[in-house]
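Morning, everyone. Please have a look at the next model before I start.

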Amino acid sequence: MVSSPLTPSPSSSAPTLSSPGGNRIVTRDISVHPSWSPSTAANDIAVLRISSISFTSGSINTAQRLSSVTLPVITNAECAAVFGPWVHNSNVCTSGAGGRGTCSGDSGGPLVVTSNNRRILIGVTSFGAADGCAKGFPAAFARVTSYVSCLQS
């Protein structure tokens with residue numbers, strides 16, 4: 001069983017984003033994919049545009065922890081063997097072998113590959129197993145190349 005993506009709810013106030021350190025950034029410029037389907041996790045991608053961002057420090061305080069992990073990309077067939085029809089051609093999946101992968105709260109986070117010493121965004125965290133991230137199940141990401149035209153508009 002997979003965890004369901006969050007369903008956006010209409011609000012009269014602008015959504016507020018919190019950046020590390022607790023600074024609040026307010027935006028009303030949010031573009032959810034027009035074909036997003038919360039019942040199937042299809043097209044689980046959105047763009048939030050903010051006017052500017054600045055960093056006051058190059059460090060993370062002791063209450064925060066920056067985490068990353070190296071994960072192998074697996075085929076969509078391997079991923080669909082676990083998640084069934086939730087996996088679409090517009091997904092890219094990673095192995096959860098060794099209990100390493102995305103966890104609750106990681107949605108929207110990046111999946112990058114390094115090529116010629118450059119980091120390239122290939123996925124945006126979409127969903128994983130409801131049983132938890134340490135159980136060895138794969139994780140699914142929105143495949144960025146499937147959304148280039150949408151992201152550029």
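How many salt bridges does the count come to? One, taking a side-chain nitrogen of Lys or Arg within 4 Å of a carboxyl oxygen of Asp or Glu. A word on sources: this is a predicted model, where local features need pLDDT of at least 70, side-chain atom pairs count only at pLDDT 80 or more, and totals for chains, interfaces and linings use all residues. Residues are numbered from 1 along each chain as its sequence is written, and side-chain values use heavy atoms, leaving out hydrogens and water.

Back to the salt bridge. Arg49 and Asp29 meet through their side chains at 3.4 Å, N to O. The pair links distant parts of the chain, 20 residues apart. Arg49 sits in the loop between strand E4 (46-48) and E5. Asp29 sits in the loop between strand E2 (24-26) and E3. Strands here are DSSP runs of at least two residues, and helices, H or I, of at least four, numbered from the N terminus.

Arg49 counts as partly exposed because its relative accessibility is 30%. Asp29, at 36%, also counts as partly exposed. The cut-offs: buried is under 20% relative accessible area, exposed over 50%, partly exposed in between, with a 1.4 Å probe and protein chains only.

Now the sheet. Five strands form an open sheet, order E5-E6-E9-E8-E7, with antiparallel pairing. Pairing takes at least two DSSP bridges between two strands. E5 (73-74) and E7 (110-115) are at the edges, each with a single partner strand, so one side of each has no neighbour in the sheet. E7 and E8 (residues 118-128) run antiparallel, joined by six bridges. Ser115 has Arg118 in E8 as its bridge partner.
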